2 protein chains.
Amino acid sequence: MATQDDPPAAEVGEMSIQEGDDTDVVTPWEVGSSSMKGVDYHKLTKKFGSSSIDQELIDRFERITGKPAHQLLKRGTFFSHRDLHSILTLHEQKKPFYLYTGRGPSSEAMHLGHLIPFIFTKWLQDTFDVPLIIQLTDDEKFLWKDLSLEEANRLAVQNSKDIIACGFSKENTFIFSDLDYMGQSPAFYRTVCRIQKCVTFNQVKGIFGFGDSDCIGKIAFPAIQAATSFSAGFPQIFNGKTNIPCLIPCAIDQDPYFRMTRDVAPRLGYQKPALIHSTFIPSLQGANTKMSGSDPNSSIYLTDTPKQVKTKINKYAYSGGGATVEEHKEKGGNCDVDIAYQYLTFFLEDDERLEEIRRTYTSGELLTGYLKKELIEILHKILADHQERRKNITDDIVREYMTPRKLKYDY
Amino acid sequence: MATQDDPPAAEVGEMSIQEGDDTDVVTPWEVGSSSMKGVDYHKLTKKFGSSSIDQELIDRFERITGKPAHQLLKRGTFFSHRDLHSILTLHEQKKPFYLYTGRGPSSEAMHLGHLIPFIFTKWLQDTFDVPLIIQLTDDEKFLWKDLSLEEANRLAVQNSKDIIACGFSKENTFIFSDLDYMGQSPAFYRTVCRIQKCVTFNQVKGIFGFGDSDCIGKIAFPAIQAATSFSAGFPQIFNGKTNIPCLIPCAIDQDPYFRMTRDVAPRLGYQKPALIHSTFIPSLQGANTKMSGSDPNSSIYLTDTPKQVKTKINKYAYSGGGATVEEHKEKGGNCDVDIAYQYLTFFLEDDERLEEIRRTYTSGELLTGYLKKELIEILHKILADHQERRKNITDDIVREYMTPRKLKYDY
């Protein structure tokens with residue numbers, strides 16, 4: 001796979017961007033912006049050395065897959081990439097690759113923001129018909145948070161139920177928890193060791209900001225998240241093939257791990273993983289922070305009742321509308337900061353309806369209450385469907401997804 | 001188990017001892033002394049904060065076990081300990097504990113120096129009738145040396161054959177390679193994670209001298225060697241019991257790992273491992289260096305032919321005798337620096353004969369050639385027996401020892 005050159009991983013370690021009066025902070029552990037418009041993703045792309053997803057790439061995507069682009073792609077939620085062209089070429093040539101995404105299971109309650117990468121990953125899998133590996137970094141959460149190993153592992157299983165409820169199929173999806181899979185696969189630990197030999201403390205200090213008082217578990221962890229980028233760690237899935245290319249859909253804050261991974265890949269004789277990066281789903285309070293699992297009023301949980309969703313959207317969703325109906329009709333609404341509008345861009349499929357909302361809200365014709373009502377109806381449907389699928393997913397079903405095994409593909 | 005207090009692990013990190021004109025260096029990666037008498041072990045005991053093994057402890061050992069002390073114990077090869085009294089008390093009370101020792105498999109050819117801890121460990125196991133776990137740190141050797149993972153793992157299997165040939169029984173001994181067992185046991189990785197969360201980079205810097213340009217694998221590794229000190233990592237052997245005490249026979253250069261382990265144990269709710277430390281078997285060239293697997297003329301290999309042994313001892317073994325027969329008869333020999341004499345203290349069981357040799361060699365009555373001849377005969381017997389046992393040990397037999405399983409003990 002032809003791959004683009006990245007800037008050296010260590011050089012992009014300083015990840016806060018200051019522009020005029022606004023400061024953006026984007027690391028695997030902190031995301032925020034002082035601007036109500038949120039993180040400046042264009043600047044971030046330049047800083048991280050990734051490539052913007054432009055219309056030309058979206059056109060090629062549609063041409064090669066023969067499918068219209070998903071709204072999360074064409075509307076810019078997935079806005080940046082590394083080597084996505086090479087993945088499209090592989091698909092064009094009918095050559096194999098796989099998808100890898102993941103989650104750090106730090107809380108029982110997953111929210112709408114957590115769903116975005118999985119919704120998109122499901123669409124990618126349906127589009128390309130390739131294996132998917134989902135890594136749950138329960139070891140990471142144990143190391144970083146005040147969580148016991150048992151609790152982190154339990155959350156991994158619970159979160160898997162919500163992930164499976166996104167519609168992933170057992171025949172082409174392997175889900176694993178680090179704490180379990182490390183102890184099930186000598187090949188995975190070997191891949192971790194190979195990476196750990198190639199990365200110095202200086203490098204992880206530069207990339208992740210680790211210091212001398214960090215525990216040695218944190219310092220070694222990036223190799224574990226990196227290892228899933230290489231098919232060598234999954235001999236049952238890839239029939240021992242160590243060089244099947246990988247595409248990673250993830251939020252942009254996870255990019256530092258994969259810059260490091262791409263840095264070491266050639267030295268190990270492995271392929272650099274390709275990436276497709278998303279923005280964050282903003283919290284109800286505004287686009288300057290991402291939804292947080294720990295602040296109940298910042299998030300719509302996957303377990304919320306219709307009444308809770310209605311209350312949260314009506315009460316907490318930051319509005320770009322006028323303070324009064326008169327003011328709104330006179331000055332119009334501001335879609336750039338309106339949270340309900342932004343959520344519609346994620347979840348409303350109908351392009352024409354979305355454009356109509358944008359136009360009439362901006363002009364002041366459509367009132368905030370109506371816009372929120374439309375969003376609430378869409379979310380009610382999404383959550384009802386999710387909850388219906390979720391309630392049938394037992395621990396036994398999770399165990400089947402988590403068993404290392406051959407998937408439906410032959411290599 | 002009542003345990004003694006250690007000095008904080010970090011404070012004893014500086015491990016070179018300077019005394020007058022002599023300098024001793026003792027770390028897991030380097031052992032040496034500028035004195036021909038070798039490392040000053042009394043000073044090392046004080047520096048490391050361990051306890052000397054004195055006659056009173058040896059007497060108690062013999063009284064409680066009802067067996068005469070092994071020559072490696074009563075002659076001071078095993079010279080230092082931590083909490084050995086507590087282990088004797090457990091045996092007295094018929095309470096369980098286990099033995100843990102290991103080897104870093106960096107070369108195919110094991111030498112006599114490598115045999116010492118296994119000979120003594122076998123005697124301890126026969127004396128106490130307890131389970132033994134032998135860890136082969138092939139991951140460590142991969143990280144530190146210019147070795148592939150496959151080669152390090154292959155050496156682990158080959159070295160296991162020599163270890164098994166020491167007479168260990170399948171019913172009470174579990175041998176494992178890190179690269180394999182990590183991928184077979186979620187409990188072991190969990191134990192490693194727990195330790196890694198308790199140890200900072202600052203601490204391993206202080207204890208092991210790691211620097212910013214060391215790879216993250218090295219930085220994380222001490223937790224893997226530490227983990228075997230806790231029964232929690234071996235549920236099949238200990239029936240899930242997480243708090244079976246452990247006694248570690250090892251050379252003194254491995255103590256830094258276990259100072260670190262003893263430091264974290266109480267924070268994890270685990271027992272501190274007890275230790276019994278040996279000196280090093282000196283190289284043929286003199287007591288100021290230890291036998292090295294990489295210098296063929298410094299070592300007697302377990303594969304050496306009778307002729308090779310004879311040549312090496314006669315040609316290379318540093319002599320404390322006089323330069324001529326006349327000078328020797330006049331001034332006598334110096335047992336303190338004579339390598340052949342020192343090897344006899346390891347391998348000649350008969351106390352009276354050893355004392356007779358010491359007396360007559362010191363007086364000049366016994367000539368160097370005769371002393372060497374007696375050693376050569378003993379080594380021929382030891383190596384012939386070893387080679388005879390070794391040749392029947394196949395990869396399949398190693399695999400049986402390396403299978404995680406219940407041993408003959410119930411918990």
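Reader: What makes helix 2 of chain A and helix 4 of chain A roughly parallel or antiparallel to each other, and which is it?
Author: Before the answer, some ground rules: this is a predicted model, where local features need pLDDT of at least 70, side-chain atom pairs count only at pLDDT 80 or more, and totals for chains, interfaces and linings use all residues. Residues are numbered from 1 along each chain as its sequence is written, chains are lettered from A and ligands numbered from 1 in the order in which they are written, and side-chain values use heavy atoms, with hydrogens and water left out.
Author: Now the angle: helix 2 (residues 55–65) of chain A and helix 4 (residues 84–92) of chain A pack at about 15°, their axes 10 Å apart. Angles run from 0 to 180 degrees between N-to-C directions, with axes fitted to C-alpha atoms over the stretch in contact. Under 35 degrees counts as roughly parallel, over 145 as roughly antiparallel, 65 to 115 as roughly perpendicular and the rest as oblique. Helix 2 of chain A and helix 4 of chain A are therefore roughly parallel.

Reader: Which residues make that contact?
Author: With contact meaning heavy atoms within 4.5 Å, helix 2 of chain A brings residues including L57(A), F61(A) and I64(A), and helix 4 of chain A brings residues including L84(A) and L88(A). By class, this contact has five nonpolar, four polar and two charged residues.

Reader: And what is the arrangement of helix 17 of chain B and helix 18 of chain B?
Author: Helix 17 (residues 339–347) of chain B packs against helix 18 (residues 351–363) of chain B at about 165°, with axes 10 Å apart. That angle makes the two helices of chain B roughly antiparallel. In this contact, Y341(B), L344(B) and T345(B) of helix 17 of chain B meet L354(B), I357(B) and R358(B) of helix 18 of chain B.

Reader: Why is the D255(A) and R259(A) pair called a salt bridge?
Author: The rule asks for a side-chain nitrogen of Lys or Arg within 4 Å of a carboxyl oxygen of Asp or Glu. For D255(A) and R259(A) the N to O distance is 2.7 Å, so the pair meets the rule. Both residues lie in helix 14 (residues 255–268) of chain A, four residues apart, about one turn of the helix. Over all chains, the count comes to 56 salt bridges.

Reader: How many salt bridges cross between chain B and chain A?
Author: The rule finds six across that interface. E150(A) forms a salt bridge with R194(B), the closest N and O atoms being 3.0 Å apart.

Reader: How do you know what area is buried between chain B and chain A?
Author: Buried area is the accessible area (1.4 Å probe) that two parts lose on being put together, summed over both. Between chain B and chain A that comes to about 3,200 Å², with carbon and sulfur atoms giving 61%. Y189(B), K197(B) and I216(B) supply 23% of the area that chain B buries against chain A, more than any other three residues. As for contacts, 39 residues of chain B touch 39 residues of chain A.

Conventions:
Ala, Val, Leu, Ile, Met, Phe, Trp, Tyr, Cys and Pro count as nonpolar, Asp, Glu, Lys and Arg as charged, and the others, Gly among them, as polar.
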